[in-house]
Amino acid sequence: VAGFPWQANIAFIGAFAAKEVFVSTMSTAYSLGEEDPEEPLSLTEKIAADKAWTTPVIWSVFIFLMVYVPCMVTVAVIARETNWKWATFSVFGSLAFGYTLSVIIYQVGNLLI
């Protein structure tokens, strides 16, 4: 519905620990399978060659990554400074908001292409 490729789905899970983990997890996901050690491709080249990454998908993933769940350290601080209700709301509220935005962006983007 939001158009996320499986590699991005895996990277989103790891990025809950820290957003910067997204890129390294994507790199690992794209290095699975056949890899020519003599001529390795960069992550940018692998993503550019993957037909799953259309413009609506790129924008959908980008917006979701920026909006969805704060990192777990932030959630722990929210819980410590307020309570676990607010921490839970920050996780599920931002997850729902980010996913909703991503679905809208992906669906509208596909209509415009």
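## Close-up views, one by one

View A: V67 is partly exposed here, with a relative accessible area of 26% (buried is under 20%, exposed over 50%, partly exposed in between; 1.4 Å probe, protein chains only). This is a predicted model, where local features need pLDDT of at least 70 and side-chain atom pairs pLDDT 80 or more, while totals for chains, interfaces and linings use all residues. Residues are numbered from 1 along each chain as its sequence is written, and side-chain values use heavy atoms, with hydrogens and water left out. V67 sits in helix α4 (helices, H or I of at least four residues, and strands, E of at least two, are DSSP runs numbered from the N terminus). Which residues does V67 touch, once its neighbours within four places in sequence are set aside? They are S94, F97, G98 and L101 (contact means heavy atoms within 4.5 Å). Take F97: it is 30 residues from V67 in sequence, yet the two C-alpha atoms are 7.5 Å apart in space.

**View B: helix α4, end to end and under cover.** Stay with α4, which covers residues 55-67 and has 13 residues. At 1.5 Å a residue, α4 should span 18 Å, and its end C-alpha atoms are 18 Å apart, so the two values agree (the expected span is 1.5 Å times one less than the number of residues). Now look for what is hidden: P56, V57, S60, V61, I63, F64 and L65 are the buried residues of α4. What covers them? The cover includes α1, α2 (21-30) and α6 (84-112).

**View D: Q7, tucked away in α1.** Helix α1 runs through residues 6-15, and Q7 lies in that helix. Q7 has 6% relative accessibility, so it counts as buried. Elsewhere in α1 you'll find I10, which is partly exposed at 40% relative accessible area.

View E: How many salt bridges does the structure hold? There is one (a side-chain nitrogen of Lys or Arg within 4 Å of a carboxyl oxygen of Asp or Glu). E81 forms it with R80, and their closest N and O atoms are 3.2 Å apart. Both ends are open to the outside: R80 is exposed at 63% relative accessible area, and E81 is exposed too, at 55%.

View F: Start with E20, in the loop between α1 and α2, where it is exposed with a relative accessible area of 62%. From E20 to S60 it is 40 residues in sequence and 18 Å in space, C-alpha to C-alpha. Then move to T100, placed in helix α6 and partly exposed at 45% relative accessible area. T100 and N83 are 17 residues apart in sequence and 26 Å apart in space, again C-alpha to C-alpha.

**View G: stepping back to the whole chain.** Six helices and zero strands make up the elements of the chain, which run α-α-α-α-α-α from the N terminus on. Its C-alpha trace spans about 55 × 35 × 15 Å along the principal axes. How much of the chain is buried? Buried residues account for 33% of the 113 residues. Among contacts with a separation of 6 or more, 65% come from residues 24 or more positions apart. The contact between V67 and F97 in View A, with 30 residues from one to the other in sequence, is a handy example to keep in mind.
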